[in-house]
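Student: I have a structure to look at. Can we go through the terms one by one?
Tutor: Gladly. Here it is.

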Amino acid sequence: MDADIVCVGFGPASGGFLTTLSRGILKPDGSPAIESPSAPGLPLQVLCYERANDLGFGVSGVVTRARGLRESFPDLDSGQIPMAAPVTDEKILYLLDPVGASRRPALMRAADGVIRAMGGILRVKDDAMELPWTPEFLDKHGGLVLSIGQFNQWVGQQVMGSGIAQIWPGSPVEEVLVEDGGVAGIRLVDQGVTKDGKPSDGFTLGMEVRAALTVVADGPVGPIGRQLDKAFGIPEGHQAHDWALGMKFVVDLPETCELNPGTVLHTLGYPEPEIFGFFYVHPNRVASMGIFVPSWFDNPARTAYRYLQHWMLHPAIWRHVKGGRLRSWGAKTLQESGRRGEPRLAGNGYARIGEGSGSTNVLTNSGVDEAWTTGVILAEAVIELLKQKKPFTAENLDSAYVGRRRKSWVDKEGRVAERARDGFQRGIIPGMIGMMVTGLTRGLFAMPGKPMPPHRRLPSLEEYYRGRIPPEEIQAIRKESDAKGISVHAALMERVGWPAIPFDGELLVSHQDALLIGGKVQAPAGYADHVEFLYPHDCESCGNKICIEMCSGQAIFPGENGRPAFDREKCVYCGACLWNCSKANPREPEKGLVEFHAGAGGLNSAEN
Ligand SMILES: Cc1cc2nc3c(=O)[nH]c(=O)nc-3n(C[C@H](O)[C@H](O)[C@H](O)COP(=O)(O)OP(=O)(O)OC[C@H]3O[C@@H](n4cnc5c(N)ncnc54)[C@H](O)[C@@H]3O)c2cc1C
Ligand code: SF4
Ligand code: SF4
């Protein structure tokens, strides 16, 4: 099949691209301003393929300054978008440890003691201290609280309503067609295949779509972006070793909750010092709340789900949500190398936008507005090239798209943020100081630190729990957990003092219930497994098996002979397994032993 433009993925980046494109290539009366080069006489042929079962099944926070969004929608009324509210109140809370299990550095423990002793003066309430001010670089006043799912659906309806683009959900893109040093289009995944991709009942070969321009907007863990990196390389000195896993609940707040729509709470300090939390209030007593588990949190048994429950139970959070109910749940990784993770932005026949193109700002914790704006910038460049009847060559895209992007606020602010998180490579305290210094000096100074892939920085379980759990006990816990086919983190955490979770079936639910009730996770039949263990033999001798511990959906679990196994039916497509492997790939030492292909299914909730 032929088209003029084909897009991979429908998130905020594609939303910005297609919204701007639709306005530029239509006349005010709705008739086409630009004819299709591939089908003369017809309007431009634009197709967008999204792997999830519907538009808006992605995961995000979201609080955004909404600069780019407001430029696209100057008369934006937040009332038009379900779950949207203007930011009304923003606070940063430092959470003390109410249970005594958190692994805090000695300096932090001492500071906690001082904070508790001076609780009256420092406004300590419910084991939390409100910071006296929000640094300007984090401040989101004037912005919006959104649900990215609802926002993407709202944008998708408008784009499709304009008639310029067809957006196809449930259509994972398997590969880009690399030909003659450029990209000639895409191919969708095969259907009617076995777990290992062999043709089976109803086999259908993935359709090829040839296009003059392929827009890759597949987010932080997109396999298509990685194929381009492999085919064309990445700019020297760039790397994407920094990431975080974000996991969230969308909840119905209890009647007793007094927080107003538009309230934004950021938390730090608990359940572990490295884990940050967010709490955003939507209209109609609904809130999005969750945590980020970053790559530099060196716990080989790191688990987002269990930590999320402890965070929720912190008195400063629990007092707002006690008596509430789970509506939706989800998880997804964020690329946190920001501009330093920027790949080649364009080449012959392709361009990259969004988080996978290094747009996320790691100082302001903002990704949506940036991703959207990179899409807008590309659309402006494409309209210019189409009007000038210039082909989408590397040279033309470089001057029209990359040139524009370099002059944009996304790029300028991305440069300021570039080194903001380096201090975290040395620990939480240097990290916090580094963020502050970079923010307050607008990127002039930063705390030094070298981001590394997980296998180069992760200690073993024995090292991490040294002095708290004897190695032989860790081995016994591992043996018992393997026999039960479950991860070890729950047993290890409880052993060092984390209390059991008092499940209530409403908000404090088991991981499996979160998957079924909250995520409504589904995997359509007839697709191959999209998570692949490249060297299962090497997994047998892996002591950490962090792929199992970190898996957001319990889709990776102990299999036979010490190897991990994968259950596609539980996978939420968060991408954490791609980042979380404790062994180096012998062929590509910067990477681990897990490959993450294009896959179907996953979360079936548009509230995240
Ligand atoms: C828990 C969490 C909280 C966050 N909070 C905030 C916040 O408060 N403020 C903020 O500004 N940002 C926040 N972010 C970051 C923000 O969500 C991202 O920066 C933003 O979504 C990036 O947009 P994108 O379009 O580049 O990528 P994505 O939103 O990731 O969209 C990419 C799309 O491509 C699809 N795709 C991937 N591979 C394929 C394929 N092979 N074929 C077809 N489709 C494919 C994916 O399914 C996805 O829909 C948060 C992220 C998370 C996970
Ligand atoms: S995939 Fe990586 S983390 Fe998982 S068992 Fe294999 S080597 Fe260990
Ligand atoms: S297997 Fe699926 S749910 Fe588990 S970490 Fe990988 S992408 Fe996430």
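Tutor: R65 is found in the loop between β3 (63–64) and α2 (67–72). Helices (H or I, at least four residues) and strands (E, at least two) are DSSP runs, numbered from the N terminus. This is a predicted model: local features need pLDDT of at least 70, side-chain atom pairs count only at pLDDT 80 or more, and totals for chains, interfaces and linings use all residues. Residues are numbered from 1 along each chain as its sequence is written, while chains are lettered from A and ligands numbered from 1 in the order in which they are written.

Student: Why does R65 count as partly exposed?
Tutor: Buried needs 20 or more other C-beta atoms within 10 Å of a residue's own; exposed means 12 or fewer; partly exposed is in between, with C-beta atoms placed from the backbone. R65 has 18 C-beta neighbours inside 10 Å, so R65 is partly exposed.

Student: Which residues does R65 touch, not counting residues up to four places away in sequence?
Tutor: K140, G142, G143, S366 and D369. Contact means that the C-beta atoms, placed from the backbone, lie within 7 Å. As for G599, its C-alpha atom is separated from that of R65 by 32 Å. Along the chain, R65 and G599 are 534 residues apart.

Student: What makes the protein chain as compact as a globular protein of its length?
Tutor: Begin with its parts: 19 helices and 25 strands. The radius of gyration is 24 Å, close to the 25 Å that the globule rule gives for 608 residues, so the chain is as compact as a globular protein of that length. The radius is taken over C-alpha atoms, and the rule is 2.2 Å times the number of residues to the power 0.38. Of the 608 residues, 53% count as buried.

Student: Which residues of helix α5 (residues 223–232) are buried?
Tutor: P223, I224, G225 and L228. Their cover includes β1 (2–8), β10 (173–179) and β14 (208–216). After α5 comes G233, with a positive phi near 80°.

Student: Which residues come nearest to ligand 2?
Tutor: C539, C542, C547, C581 and K583, of the 15 around ligand 2. A residue is near if its C-beta atom, placed from the backbone, lies within 6 Å.

Student: How many residues around ligand 3 are charged?
Tutor: None; the shell has ten nonpolar and three polar residues. Ala, Val, Leu, Ile, Met, Phe, Trp, Tyr, Cys and Pro count as nonpolar, Asp, Glu, Lys and Arg as charged, and the others, Gly among them, as polar.

Conventions:
Two residues are in contact if their C-beta atoms, placed from the backbone, lie within 7 Å.
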